[in-house]
Structure formats: C-alpha cells, structure tokens
Amino acid sequence: MSGRRASGQNDRGKRAAAQPLASPGPVVAPVVSAPPRPGLQRDANQLVAWKSVQHERWEGALQVEGKLPLWLDGTYLRNGPGLWDVGEYGFRHLFDGYATLVRVSFHEGHAVGAHRQVESEAYKAASEHGKVCYREFSEVPKVDSFASFVGQVATLFSGSSLTDNANTGVVRLGDGRVLCLTETVKGSIVVDPDTLDTVGKFEYEDKLGGLIHSAHPIVTDTEFWTLIPDLIRPGYVVARMDAGSNERKFVGRVDCRGGPAPGWVHSFPVTDNYVVVPEMPLRYCAENLLRAEPTPLYKFKWHPKSGSYMHVMCKASGNIVASVEVPSFITFHFINAYEEKDEEGRVTAIIADCCEHNSNTSILDDLRLNNLRAFSGEDVLTDARVGRFRIPLDGSPTGELEAALDPEEHGRGMDMCSINPDRRGKEYRYAYACGAHRPCNFPNTLTKLDLVEKTAKNWYEEGAVPSEPYFVARPGAVEEDDGVAISMVSAKDGSGYALVLDAKTFQEVARAKFPYGLPYGLHCCWVPRGKVT
C-alpha cells in the first residue's frame with residue numbers, strides 16, 4: 001500500500017549502577033548538541049539513509065504527529081553504521097560505518113530522541129588520526145611497506161587489528177546491562193541506555209577464546225546463547241552465559257560437514273530445548289581476510305559443492321540430535337524456530353524460519369554504498385523469501401527448505417525481522433520485517449507476516465527507507481500481535497522519524513519526528529522503564 005498507510009559502571013563492562021530512565025517530558029530545546037562534523041562530503045540528491053550522520057551526538061524533544069499509546073513507556077534503541085567518512089576518505093560498504101546508537105524514550109504520550117557515536121577503539125583511533133586504523137568489514141589500514149604488511153598479518157591472527165566497531169546489534173541482558181555487538185568478540189561494548197555513553201568493553205571471563213562470534217546471540221531474562229566459529233578445526237562451539245555473569249560456558253561443539261572453513265553464522269535460532277546451528281556454503285576465507293582490496297564476497301568464499309547443513313544440539317546435554325543436508329541457502333537473519341510435535345507430544349522435527357536470499361551471493365556486494373546511493377529506478381534488489389526449514393529428528397539424512405508464504409506477498413524482499421519475544425523458540429504466527437515495493441535497490445517497506453494465513457500487510461512511503469520494525473507488546477496482552485511495531489525511518493525529504501504502527505492492523509498510530517535526518521540503521525531492542533540496572 002502507498003503513502004502512510006498499511007496493506008556500578010567500570011571499564012570492564014561489569015554490572016552498571018542502577019539509573020532511572022530520564023523522563024521524556026515536553027522539552028523545548030536540545031539537551032545535548034554538538035557542532036556538525038567538518039569535511040563530510042554531501043550530495044543533495046543522495047537519500048539521507050546513506051549519508052554520514054552530521055553530529056557526533058544530539059538529544060531533544062521530538063514533535064509527535066498522531067497519538068502515542070500511553071502504555072508505551074520505555075526506551076527504543078537502534079544500532080547501526082552511521083558514519084562512513086574518515087577525514088576526506090569515504091568507506092565502500094554499508095557494514096563499514098562506525099556505530100551510531102539512536103534512542104527514542106516514550107513516556108505519557110511524549111517522546112525524547114537522541115543519538116550518539118559508540119566510542120569503540122576503532123572509532124576513536126580513526127577520529128584522532130583521520131584514517132582507518134583497524135580492519136573493518138571491507139576496509140583495511142593502508143600499509144606503506146612490506147614490513148608493515150607482515151606486521152599487519154601478524155596482528156590479524158592475534159586479533160589485535162580486528163575492529164571493535166560494535167555497529168550491528170544492541171541487546172538488553174537479563175541483568176539490565178545493554179550491549180552493542182558486532183561479529184568480533186572484542187566488539188562487545190556496554191552502553192548506558194539513558195545517556196548513550198560508552199561504559200566500556202564487555203570482558204568475557206572464560207577461556208573459550210575465539211576472535212569472532214555470532215553477531216546475534218539469543219538473549220532472554222535468564223540466559224545468553226552464542227556460537228563461536230572455529231577457523232582452525234572447522235566447526236562451531238555452542239556456549240551459554242547466565243544473566244549477571246560474564247562467563248560463557250561450553251555446552252557442545254558441532255564439526256562442519258563440508259568445506260575448508262565454517263559457514264558464516266551471522267545469526268542462529270533456538271527452541272525451548274534445542275540450539276539450531278546453520279552451516280552455509282558461504283564460508284569464512286582466510287585468503288580474502290588478508291587482501292588489501294575486497295572481493296565481491298569480502299571475507300567469505302562461496303563453496304556450493306561443499307553442501308549446506310542444519311545441525312540440532314540438545315541444550316541440556318550438548319549432544320547433536322540431528323545433522324541433515326538441506327538445499328543451498330544464504331541468510332543473514334533467522335526469524336525463529338520451534339519444535340514440531342506429534343499427537344502424543346513427542347518432538348518429531350524442528351521448524352526454523354529465516355530471511356533467505358535464494359542462495360544468491362550478490363546480496364553482499366549489493367550493499368556497497370555506491371550501489372545504494374546510485375538508484376536509478378531500475379529494479380535491482382535481490383529476491384528474498386521467508387525460508388522455512390524442516391529438520392526431522394528421526395535420523396533422516398536430509399531436511400527440507402521451502403518458502404513459508406508466497407514471496408509476492410512482501411514484494412520478494414525480506415530481511416531485518418522481529419517477533420513477539422514471548423514466542424521465541426515456540427510456535428508462532430506473526431513476524432515483522434522489511435519487504436519491498438518494487439522497483440527498488442533496497443528493502444523499502446515494513447511488512448507484517450501472517451505465517452498461518454500466509455499473507456502479509458505492508459506499509460510503504462515513497463522514497464523512505466525504514467529500518468527493522470521492533471515489536472513491543474502492550475502490558476497484559478494475551479494475543480500475539482497485541483502491541484506496536486516501531487521503526488526508524490529515513491525519509492525522502494531528508495528528515496527522520498520514529499514510526500509507531502499498530503501491530504494488529506499495521507496502520508500508523510504516530511510518528512515522532514527528529515529535527516534532522518538519520519542514516520539507515522540495523523538492529524533494535526526495547527528497554528522497559530525501570531529495567532535498567
């Protein structure tokens with residue numbers, strides 16, 4: 001559909017001292033501001049979604065259009081790459097940008113907005129020296145001699161040259177601490193959700209090691225699950241951490257069944273009793289990591305003959321209960337998983353849903369900033385679908401992968417998804433994601449998926465680029481879709497706003513307008529009022 005309609009702190013990252021959320025009443029002037037960054041290159045024809053944020057930080061009251069639900073009481077946080085310029089140099093890829101954390105605090109029908117750069121070592125070094133100093137997704141520090149190159153290789157394998165630019169996810173742990181995350185283990189950074197201050201590194205107090213991990217751990221009020229790829233003996237370590245702890249505990253290991261290296265594991269799903277470990281033929285590649293210039297697959301390599309697999313591990317025992325070959329697939333983001341049971345309540349299979357790109361590796365290179373900024377009206381967005389895996393637990397050697405609904409329902413675009421958190425790991429009906437209104441070169445709609453009726457409702461505004469819609473349940477809600485979906489939108493006219501949709505009808509309830517445009521961002525979380533520790 002078109003228009004605005006729907007079809008104690010310390011440097012080691014320990015527990016932060018309790019602080020109440022700032023009350024977002026009707027403030028009339030910015031609380032915090034900073035001068036525009038000098039030297040940023042600007043093109044008036046570029047969408048604001050793909051431009052570096054102008055200020056390092058800002059905070060102030062937001063103009064609300066519509067009526068915010070009075071029950072909506074807490075803070076929405078969104079993380080993502082928001083600064084793609086260092087001095088006069090512009091980054092190449094969407095994923096290179098330095099992390100920009102955006103906050104919208106809702107209280108009694110009012111909204112206060114803010115943004116701030118996450119002060120990683122990579123960001124601070126680049127700001128000080130005017131150049132890239134750590135290895136980002138596609139960028140590497142420039143070397144001026146062979147000796148410098150050899151030294152850089154040594155620091156790569158020690159991990160010291162890897163970025164800590166935590167520009168991907170943001171999660172609230174069970175003890176209330178808030179982490180910004182990326183795929184490097186060192187890029188786990190504690191932030192204050194009220195002030196957006198960088199508190200310090202989250203230090204893992206264990207001996208599991210690892211240089212990289214899944215950018216999307218599974219986080220609940222009681223635990224934290226993650227996957228740690230093993231690049232030496234290809235496989236994955238499954239680890240669990242209790243709320244309030246910094247110690248990951250070994251649960252089990254999955255050995256890869258194909259290829260010279262583990263498949264990329266940006267995310268993974270769990271059920272009540274099992275961890276699902278995906279093994280894609282898009283695999284980590286040490287050779288590409290060493291290159292000074294990126295390949296179209298960046299730090300990965302495509303190994304279609306190596307096979308694609310889905311492994312299932314028992315949470316309690318660490319035993320692998322299923323390992324099946326499946327059709328080739330590529331996904332950044334899993335949506336959810338649950339246990340399929342027979343009439344007697346026995347688990348017969350695992351169902352796992354993801355945003356699947358039809359096994360098309362071009363999706364990575366499509367995210368070059370030049371491609372995103374150069375949209376000419378041609379329909380170039382790679383097709384995607386809700387890929388549904390069925391992993392039998394009866395010893396069968398193969399599993400199934402098919403579309404959970406007709407991809408035309410969401411414009412053959414699909415990524416950046418959320419569900420009602422109460423349904424994580426359980427059978428569910430609704431998901432919220434970004435879809436497509438074609439022609440386009442990037443997902444440009446918000447879509448509510450009904451996986452029972454196999455239909456979708458879509459929100460679209462011409463020229464707008466919405467980010468991941470995050471579901472927030474109404475207090476006391478019983479029905480799965482009783483709540484709102486919140487998305488930050490970069491508008492065609494250069495403005496930006498937090499969009500609030502009724503999650504049932506997918507109609508707009510309100511928008512809270514920033515006095516400036518914000519770049520595109522990636523992933524979100526919700527901090528209820530009183531839940532910060």
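This is a predicted model: local features need pLDDT of at least 70, side-chain atom pairs count only at pLDDT 80 or more; totals for chains, interfaces and linings use all residues.

User: Why is Thr 331 called buried?

Analyst: Its relative accessibility is 3%. Buried means under 20%, so Thr 331 counts as buried. Thr 331 belongs to strand β23, residues 331–341.

User: Which residues beyond its sequence neighbours is Thr 331 in contact with?

Analyst: Leaving aside neighbours within four places in sequence, Thr 331 is in contact with Met 280, Cys 354, Cys 355, Glu 356 and His 357.

User: Is Ser 214 buried or exposed, and how do you know?

Analyst: Ser 214 has 1% relative accessibility. The limit for buried is under 20%, so Ser 214 is buried. Ser 214 is in the loop between β13 and β14 (218–219). Its side chain reaches the backbone nitrogen of His 216 at 3.2 Å. Not counting residues up to four places away in sequence, Ser 214 touches Thr 226, Leu 227, Val 265, His 266, Ser 267 and Phe 268.

User: Why are Ala 286 and Pro 327 called partly exposed?

Analyst: Ala 286 is at 44% relative accessibility and Pro 327 is at 38%. Ala 286 is in helix α3, residues 286–290, while Pro 327 is in the loop between β22 (320–326) and β23.

User: Which residues does Pro 327 touch, apart from those up to four places away in sequence?

Analyst: Pro 327 touches Ser 308, Gly 399 and Leu 401.

User: What is noted about the phi angles of Leu 196 and Met 416?

Analyst: Phi is near 65 degrees for Leu 196 and near 55 degrees for Met 416. Each is a positive value in a residue other than glycine. Leu 196 lies in the loop between β12 (189–191) and β13 (198–201), whereas Met 416 is in strand β27, residues 415–418.

User: Why do Leu 196 and Met 416 count as buried?

Analyst: Leu 196 has a relative accessible area of 2% and Met 416 is at 7%. Buried means under 20%, so the label holds for Leu 196 and for Met 416.

User: What makes the bond between Arg 438 and Pro 439 stand out?

Analyst: The peptide bond joining Arg 438 and Pro 439 is cis, with omega about 5 degrees. Most peptide bonds are trans. Pro 439 lies in the loop between β28 (430–435) and β29 (445–450).

User: Why is Ile 419 called buried, and where is Ile 419 found?

Analyst: Ile 419 is at 11% relative accessibility. Since buried means under 20%, Ile 419 counts as buried. Ile 419 is found in the loop between β27 and β28. Among the residues Ile 419 touches are Ile 335, Tyr 428 and Phe 471. Ile 419 and Phe 471 are 52 residues apart along the chain, and their C-alpha atoms are separated by 6.2 Å.

User: What lines the second largest cavity?

Analyst: Its lining has 13 residues, with Leu 173, Gly 174, Phe 224, Asp 242 and Ala 243 nearest the centre. By class there are five nonpolar, five polar and three charged residues. Strands β15 (223–230) and β16 (235–242) each supply at least two lining residues. The volume of this cavity is about 50 Å³.

User: Which residues have the most contacts inside the largest nonpolar core?

Analyst: They are Leu 94, Tyr 98, Met 310, Leu 364, Phe 389, Ile 391 and Tyr 520, in a core of 83 residues. Apart from that core lies another, of 24 residues, including Leu 72 and Phe 514.

Technical notes:
Residues are numbered from 1 along each chain as its sequence is written. Side-chain values use heavy atoms; hydrogens and water are left out. Helices (H or I, at least four residues) and strands (E, at least two) are DSSP runs, numbered from the N terminus. Buried means under 20% relative accessible area, exposed over 50%, partly exposed in between (1.4 Å probe, protein chains only). Contact means heavy atoms within 4.5 Å. On a 1 Å grid over the protein atoms alone, a cavity is a set of points where a 1.4 Å probe fits but cannot get out, and a pocket is an open set with protein on both sides within 12 Å along at least five of seven lines; lining residues have an atom within 4 Å of a point. Grid points are joined across faces, edges and corners, and a volume is the space filled by probe spheres set on the points. Ala, Val, Leu, Ile, Met, Phe, Trp, Tyr, Cys and Pro count as nonpolar, Asp, Glu, Lys and Arg as charged, and the others, Gly among them, as polar. A nonpolar core is a set of buried Ala, Val, Leu, Ile, Met, Phe, Trp, Tyr and Cys residues joined through side-chain atoms within 4.5 Å. A polar contact is a pair of N or O atoms within 3.5 Å; within protein, one must be able to donate a hydrogen and the other to accept it, and residues adjacent in sequence count only if both atoms are side-chain atoms.
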